[in-house]
Amino acid sequence: MVQRNSQGASARPAEVDVVVVGAGFAGLYLLHKLRGLGFSTRVFEAASDVGGTWYWNRYPGARCDIPTTDYSFGFDPALEQAWTWSEKYATQPEILRYAQFVANFYDLRRDIDFDTRVEAALWDEGAGPADGRWHLRTSRDEPVRCRFYIMATGCLSQPKAPEIAGAERFQGASHSTSRWPHGGVDFTGQRVAVIGTGSSGIQSIPLIAQQASQLTVFQRTPNFSIPAGNGPVREERLAPLRADRAAYRQAARWSRAGVPLEPPQVYGRYSPPELRSQRFEAAWNTGELIPILSVFADQILFPDANEVVCEKVREKIRAVVTNPETAERLSPRDHAFGTKRPCLDTGYYATFNQPHVRLVDLRQTPIERITETGIALRSGEALAFDAIVYATGFDAMTGALVAVDITGRNGLTLKDKWAHGPSTYLGLMTTGFPNFFTITGPGSPSVLSNMMVSIEQHVEWVSDCLAALRAQGHTRIEPTEAAEAGWVQHVNDCAGITLYPSANSWYMGANVPGKPRVFLPYVGGVDTYRRACDEVVARNYLGLRRSGPAGELCADGLVRRLQPDVQMVLEMMAAMQLPTFDSLPVEAARGMLAQLSAASPPGPAVAEEVDGTLPGAAGPLAYRLYRPATPGPHPVVVYFHGGGWVLGDQASDDPLCRDLCRRSGAMLVSVNYRHAPEARFPAAADDALAAVRWLGEHAAALGGRPGPLAVAGWSAGGNLAAVTCQRVRDEGGPAIAGQLLLTPVTDTDLTRPSYQDNAEGYVLTRTLMHWFFDHYVDAADRADARVAPLRARSLAGLPPAMIVTAQFDPLRDEGLAYAQALAAAGVPVRSLSARGHTHTSLGMVDVVVSGEPVRAEMAAALRGFWA
């Protein structure tokens, strides 16, 4: 059976391989790509032409906010050579012409049904493995069936209605920036109100002000904006493309945001003022979002680093806006820079210097209602207007998807499944909806990236997937529940280490009443995301169940299990191609550790650091004392560093010691000890006992609080702390208030499952542990409790303990076993398992931000030892 399209041009099949909803850039590329692979395809578009959001968004000043050299398709050199942009940031009419040009270039319109909405989609399982189909109902009451159903409806395409009482009563002209009249609007001589100061408001307000006799801007939340510096495309922007177009596009595909730019290495929180200013000014002067969002490596991670950028933008606002009160109202103070999408503007702030322009702060003076003649404020003031412009934004990312009545298996609707927030696999698919794909859907980089790069990546992944299914004899694909849950967790983990969730932004769905507060896009970066998608394919479509006449295949599992910042650190280390410690002579290994430590952020400042020596078992031992800024005397923590009894010194865990000192309010004394192979077992254990005894006697002289000490340590240092607690109990010494053991060595059994599961790839390897043990202790002594405290005859009577283990650590199981053994012996113990972490990651202060909650709990445990 065949039917005609909306133009009545040629017969259309009622059943096709693929239906695509949306003829924006994603839909156009999908149609081109799927055609080339031989899939019969129909595209349905609600508008009368191609262009998607650029068809609808025709408000004054509408432009892209990614330079047009980057906001372009890069998949076809012939297409690129056939089109030239006129400006750095193209206007909506030019971008729409570009979309129309693409449609004509590939003759795409003949497979697009315009002026047609898909109103409902129902999955029909059918009678056999090859029978599953989507049944669609369109606004033209045309029944359509397809094997695969793809939503390419865009992230910002579902307008958000104004939530203001009386809006329907206004007798003047009302306009929405998201559905602007195609013929334009002339505001000459009119009294105009603009409600909203997001991107569309900030772009349109300067142009509306040029026409209106009076302009009143109603602002609920001020937004950060930088001057776009628009004009002809600069030569330095064109040069890389002209020199090597393919290399430039490849660099974009593997960049953090889809625009080639080296990630920053400078930390704002540790930079001197002159460097901060230099970097900010350089980014500001580019007039581009990606550089201003990347002034510092830590600006989206830590409030203090972000505030440096915030205040410098506020300084720019104050320098432009002549009225100090107005400047302050325009200066954001309720969200971190970048947590709401910053805007690019042309003369926005200067507009408020004009006498006919007024700013109303809705937080101070809320709107009571819209009236027939204008707007009534709660202050009692009534303002008359000829026109009202609603710049109130979109129901972003999920709005257009749940607006269609999509029903998957067992009668489950997409709207119901996502009632508490969207759950997807890779932002591409969702469990319960076979053969259903979303382009730049929630859980993908989408709006945090150059959309053209993200669109291309998604279209190519989906089309390659469909081709692979066909080649393998499969007709159905769907993510597993475990894979989807794992990806949702990963997306949340990525957002959780940033400042993004702290803002009431449309990234969080906060602009739509009743919408679940969930961070919608994937903040891990275009490059990281692409790597994950490629890995899914390389691992036999990991997390996806495929079925059909050829049978069923399912490689269930999680594509990302590590915390995102831990994954990034491991990838960076792999790229450095460093030798492993166990492949080096001991002195060379020590030198490499010292170099790595020197390159790490220093950690937070403490009130004082004092270096000294104390008497060890066989000579003086160096120590470093960290004193907190709070009034003393402080309780004392004796800390032992990690390094397998071979590497490190009293300063090698500086960032962690500073962090624990600041968080706990305790004075930390990090003590060195003799190292193997020069001083083998039991030298380190004897030194640790001597240090604890001496510090117990001299705590007050060092400015510490007399009384019980706490002991703490990481890795081999955790081993020494545990061993010392046992020896103090058995051999005499100071009172110990508690022991904090971070991923400790507690046994010498290298056959535990965690040694098999995590043998390679996580810095501390099974081979490296063999290397450490071989240097430190003879095989005959490895059952000694001074090496393996888990093997002590009794664990009763030991001080309270907190033991932290990491999921991807060879030592995980022995740490858990020690916690269980302590508890069985009646020792108060708390065991904390750090999901997604490795043996080394929890101590990486200011690098592995996901470790902050764990370090906070470690510090709380230290405080609790003296409670």
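**Close-up 1. Helix α1 passes helix α15 in a right-handed crossing.** Welcome to this predicted model! Helix α1 covers residues 25-36 and helix α15 residues 451-472; their axes cross at roughly 35° and come within 10 Å. From α1, the residues in the contact are Phe25, Ala26, Tyr29, Leu30, Lys33 and Leu34, which meet Met452, Ile455, Glu456, Val459, Glu460, Ser463 and Leu466 of α15. Sorted by class, nine residues of this contact are nonpolar, one is polar and three are charged.

**Close-up 2. Twelve named residues, Phe25 and Tyr29 among them, form one aromatic cluster.**

**Close-up 3. Tyrosine 522 and tyrosine 529 form a tilted aromatic pair.** The structure holds 40 aromatic pairs. In this one, the centres lie 5.7 Å apart, with 50° between the planes. Both tyrosine 522 and tyrosine 529 are buried.

**Close-up 4. Tryptophan 645 and phenylalanine 773 pair up across distant parts of the chain.** Their planes stand at 35° with ring centres 5.6 Å apart, so this pair is tilted. Tryptophan 645 sits in the loop between β26 (636-640) and α20 (654-664), while phenylalanine 773 belongs to helix α24 (residues 766-776); the two are 128 residues apart. Tryptophan 645 is buried, as is phenylalanine 773.

**Close-up 5. Two arginines lie over aromatic faces.** Look for arginine 58 over the face of tyrosine 55, at 4.8 Å from the ring centre. Arginine 470 lies over the face of phenylalanine 39, at 4.1 Å from the ring centre.

Conventions
Residues numbered from 1 in each chain as written. Predicted model: local features only at pLDDT ≥ 70, side-chain atom pairs only at ≥ 80, totals over all residues. Heavy atoms only, no water. Phe/Tyr/Trp six-rings, centres within 6.5 Å; stacked < 30°, edge-to-face > 60°. Buried < 20%, exposed > 50% of the residue type's maximum accessible area, 1.4 Å probe, protein only. Helix = DSSP H or I, 4+ residues; strand = E, 2+ residues; numbered from the N terminus. Lys NZ or Arg CZ within 6 Å of the ring centre and 35° of its normal. Axes fitted to C-alpha atoms, helices over the stretch in contact; angles between N-to-C directions. Left-handed = near helix turned anticlockwise from the far one by under 90°. Contact = heavy atoms within 4.5 Å. Nonpolar A, V, L, I, M, F, W, Y, C, P; charged D, E, K, R; others polar.
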